[in-house]
Amino acid sequence: MFLRTLQAERMKLHHSPVWLAFLLLPVLPAVMGTFNYLQNIGILQDQWYSLWTQHTLFTCYFFLPAIIGVYCSYLFRLEHLNHNWNAVITAPVPVSYVYLAKLTSASVMVLLTLAWIGILFLISGQLCGLNTPIPPELPKWLLFGAVGGMVICAVQLCLSLVIRSFAVPVGIALIGGVSGLAALAKGYGVWFPYSLLSLGMRANQPGGTMQCSTEQFVLNALFYLAVCITFAVVWLSFRPGNSS
Amino acid sequence: MIKALAMEFQKIRRRKVWAIVAALISVQILLALWGVDRMDAHELSQGWMHFLYQFPILNSIMMPVMAAVVASRLCDIEHKGQTLKLLNTVMPAGRLFAAKFLCGALYMLAAALLQIIAIVMAGLVVGFEGSPPLDKLLYYLLFTTAVNLTILLLQQVLSLLFRNQMIALTVGIIGSFAGLFIMFFPQNLERFFLWGYYGVLMLVGMDWDRATRISDFYYMPVDWTGFSILAVMFCMIYIIGRSLFIRKEM
């Protein structure tokens, strides 16, 4: 049953150019970050690690959360149109599947984006002629980044579920990203859903350890995922029929 | 025209467009005020310049998204209610376009005014050296609003032409991203890029001494060429966007 819900989500996205945004977005920091790195090679002496800071700078603070917001709004766009909620709710599918299917397709997109960021990072490192070995932590950065991204997906999907407007959740995502920067600077990064992405990607200090322990990171991510899923299921069980 | 503008405000009654503008601008101001209370004497002496340097950078992160959200909120109602065809029978499409733009422009102007108020109040409370540089603040208001409105205009054109608001918002986000990055490029690349004009029209530059970790700000001459190019861009987007909207099948 769940697979068929997923299949339905895939069909809703059929021929939609939304993946183009995710393809394009990481290219900007890759090109410009690499250029910036080459310009400031005197200050940035940690080779791959410095290049990583240039690639992730700004991306994971502001723009990845915002573009995830766009994607999540898009996933709920069809449901908010034309009283389609009535059709969704009366379909013989548990409401949790509706949300989980969307969360899965958003998470797959985040995973692919992170993989793409990794590939671009390796390519630009080669082009810069870095002669040290590729940092062994790279898969870990990307994996933890993806986990943080999934948490943002879960939160944004809840917002887009409740808010019928397309644009407002995107604005909230940007606010989340900016306040995530503040939370990270204050040391509360692991407690704030929007800063888990940059925390996981080690955007500011790729060489050292994370601001928090791995267990805490994973636990908090799971906690936020659970809260969002519960909220969405409760909301879907009671609200959409009345509101459309 | 006044009537058309009043209609726009009627349409967004209870849509709380101001709420998202207020939320974005408050977060931005809070971020800018971060650490202001811990400034030392050297920094206090340059306080006004510090703000005039910092705000354009924050603007290039947040204002394009704000403009995209406002434009999308104003234009989305017509798509959702499929009212464009009906509206076209009672008013010229060009006037609707202008009214929508004016309505959004008022929000963007209010956002810039709030920034100025926050800058002046924070400066007076913390005790920046000297009185507020009114001429510079007025230039800042003029330039910020000019860039904001040009971006708003582009977003409005996209939001009206494409039913799917994803396109407009994605363009806004990617544009602002590129605009922010391009600011840190040494060449004058930002001149070729609408979202880079927050940087082109900056009034203050910075020298950062790596050895002492002290930054020194200095006033830069106003870039009137950049401002004229921006004005030309505005007119072109207005003329092209308006005619595309009028010719579109509603």
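Which residues in H1(A) meet which residues in H7(A)? The legends below begin with that contact.

This is a predicted model, in which local features need pLDDT of at least 70 and side-chain atom pairs count only at pLDDT 80 or more, while totals for chains, interfaces and linings use all residues. Residues are numbered from 1 along each chain as its sequence is written, and chains are lettered from A and ligands numbered from 1 in the order in which they are written.

**View 1. The contact of H1(A) with H7(A).** From H1(A), Phe2(A), Thr5(A), Leu6(A) and Glu9(A) meet Tyr97(A), Val98(A), Ala101(A), Lys102(A), Thr104(A) and Ser105(A) of H7(A); contact here asks for C-beta atoms, placed from the backbone, within 7 Å. Sorted by class, this contact has five nonpolar, three polar and two charged residues (Ala, Val, Leu, Ile, Met, Phe, Trp, Tyr, Cys and Pro are nonpolar, Asp, Glu, Lys and Arg charged, and the others, Gly among them, polar).

**View 2. The crossing of H1(A) and H7(A).** Helix H1 (residues 2-12) and helix H7 (residues 95-128) of chain A have axes that come within 9 Å and cross at roughly 60°. Helices are DSSP runs (H or I, at least four residues; strands are E, at least two), numbered from the N terminus, and axes are lines fitted to C-alpha atoms, for helices over the stretch in contact, with angles from 0 to 180 degrees between N-to-C directions. H1(A) and H7(A) are therefore oblique to each other (under 35 degrees is roughly parallel, over 145 roughly antiparallel, 65 to 115 roughly perpendicular and the rest oblique).

**View 3. Where chain B touches chain A.** Here 26 residues from chain B and 26 residues from chain A make the contact. On the side of chain B, helix H2 (17-33), helix H4 (47-81) and helix H8 (165-182) are the elements that give two or more residues. H8(B) supplies the largest share, 10 residues. By class, this side of chain B has 21 nonpolar, three polar and two charged residues.

**View 4. Positive phi at Arg14(B) and Gln82(B).** Arg14(B), in the loop between helix H1 (2-11) and H2 of chain B, has phi near 65°. Because 5 C-beta neighbours lie inside 10 Å, Arg14(B) counts as exposed (12 or fewer other C-beta atoms within 10 Å is exposed, 20 or more buried, in between partly exposed, with C-beta atoms placed from the backbone). Gln82(B) is in the loop between H4 and helix H5 (84-90) of chain B, with phi near 50°. With 10 C-beta neighbours inside 10 Å, Gln82(B) counts as exposed.

Terms used
Two residues are in contact if their C-beta atoms, placed from the backbone, lie within 7 Å.
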